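Hi,

Here is the structure I promised to pass along. Have a look at it first, and then read on for what turned up.

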Amino acid sequence: MKYIICFTLSFFYSASSLASNSSSLIKLDKVTEELHRFHDINEAISEGYVHYDGYDTFSMGEHWYNKKVYETNTCDESIPSHLQYLVINGERKLIGTGYVCLPQTYVRQKNEMFGQNVIWHTHGPAWCLLPNGSTEDYRDLADSLPNAFTSADWQTICRQNGGTPVSQDINMLHTWNWIPAPNGKFAHENYAIPFLRVGLPIPDASFLNSEIGGKTINLLKLAHGDTQWWYWRGFTVIGADNIQRQKGWQILQEARIKGQAIQNEMIKIASLDDDNFSIAADSGEKQISIMHNELTAVFTNEQMKALTNYISSIETHEHHDHEHH
């Protein structure tokens, strides 16, 4: 999700995102010990956790979901609805957990789990239940459709993708038990993950808040395919025709390949403080700008304005209690 158009990361690391008192961390340490068995992925599978969608999300890794926990409306720190894994150096590693609570359970259980200072986030109410068993939050499409470019609503898009639209608010909390978390152990997104994934040094919050930190995150998103995915989804919002989609996808794919080449340069440099690393981050930012400019040759001015607004509306940032962005 970049565009000339760069993310500003400073608000990821506000006091609210880092708020976790000692009792919350003590509770987290206890839970971490209880869940140690899930380092063995086979144990997770035997207890019903499934990686339905196959995605490795940029700043959260793989979501392994236990449908039974969700369906029984369990909201207990010792029984997570999700386990988060990440492939590091070719091995799938347990990195964190996820808890989903329906509104009625959330109100009752929230403070009993990790305390009132821990910030939860919300998803929904627009969901698409897909044939492979996964669920996808369509809030961004519900907010954007229909519009001047298309009469389709989010339910129509869900059905076109073979899914079933469902309306449901849920509250969710991630905990990062087994890896560093520069923006907090209870933050929705963990920006150590994109660095761990590719073997780069783990940054601290000051790096992530810096200009070079923002550029690095943008480049890693491009190389990972996160940028590509959101732009492709945005093509639906702006009513792109088949020719526009084909040309636009080619531009996105070429930009990703170039981003991966720059990422490889960063890995070779291996130091976030090296001047050459900063140069690589700058070249990544230029590549994102080139990608955006090439898309302007495919879409009308009105479409590009709408696409830019859509991308801006879903920038990755800290989710706040009872809000979804």
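Taking the bonded cysteines of the chain in sequence order, they pair up as 1-2, 3-4. Keep in mind that this is a predicted model. There are two disulfides in the structure, so here is each in turn, given that a disulfide is a covalent bond between the sulfur atoms of two cysteines.

One joins cysteine 75 to cysteine 101, with the sulfur atoms 1.6 Å apart. The link of cysteine 75 and cysteine 101 is right-handed, with 65 degrees about the S-S bond. Cysteine 75 sits in the loop between α4 (67–71) and β3 (82–88), while cysteine 101 belongs to strand β4 (residues 91–101), so the pair ties together parts that are 26 residues apart in sequence. Both cysteine 75 and cysteine 101 are buried.

The other joins cysteine 128 to cysteine 158, and here the sulfur atoms are 2.1 Å apart. The link of cysteine 128 and cysteine 158 is right-handed, with 85 degrees about the S-S bond. This pair links distant parts of the chain, 30 residues apart: cysteine 128 is in strand β6 (residues 126–129) and cysteine 158 in helix α7 (residues 154–160). Buried or exposed? Cysteine 128 is buried, at a relative accessible area of 0%, and cysteine 158 counts as buried at 0% relative accessibility.

Next, the helix pair. The axes of α11 (residues 226–237) and α12 (residues 242–269) come within 10 Å of each other and cross at roughly 170 degrees. Since angles over 145 degrees count as roughly antiparallel, that makes α11 roughly antiparallel to α12. On the α11 side the contact is made by Gln228, Tyr231, Trp232, Phe235 and Thr236, and on the α12 side by Arg245, Gly248, Trp249, Leu252, Gln253 and Arg256. By type, the residues of this contact are five nonpolar, four polar and two charged.

Phe235 comes up again in the packing. Leaving aside residues up to four places away in sequence, phenylalanine 235 touches Ala240, Arg245, Gly248, Trp249, Leu252, Leu295, Phe299 and Leu307. Which residues touch the most other members of the largest nonpolar core? Of its 48 residues, they are Tyr138, Leu141, Phe195, Phe235, Met291, Leu295 and Phe299. Helix α13 (residues 275–295) gives the most to this core, with six residues. A second, separate core has 20 residues, among them Ala44, Phe114, Trp120 and Phe186.

Cheers

Key:
Residues numbered from 1 in each chain as written. Predicted model: local features only at pLDDT ≥ 70, side-chain atom pairs only at ≥ 80, totals over all residues. Heavy atoms only, no water. Axes fitted to C-alpha atoms, helices over the stretch in contact; angles between N-to-C directions. Helix = DSSP H or I, 4+ residues; strand = E, 2+ residues; numbered from the N terminus. Parallel < 35°, antiparallel > 145°, perpendicular 65-115°, else oblique. Contact = heavy atoms within 4.5 Å. Nonpolar A, V, L, I, M, F, W, Y, C, P; charged D, E, K, R; others polar. Disulfide = S-S within 2.5 Å. Buried < 20%, exposed > 50% of the residue type's maximum accessible area, 1.4 Å probe, protein only. Core = buried A, V, L, I, M, F, W, Y, C linked by side-chain atoms within 4.5 Å.
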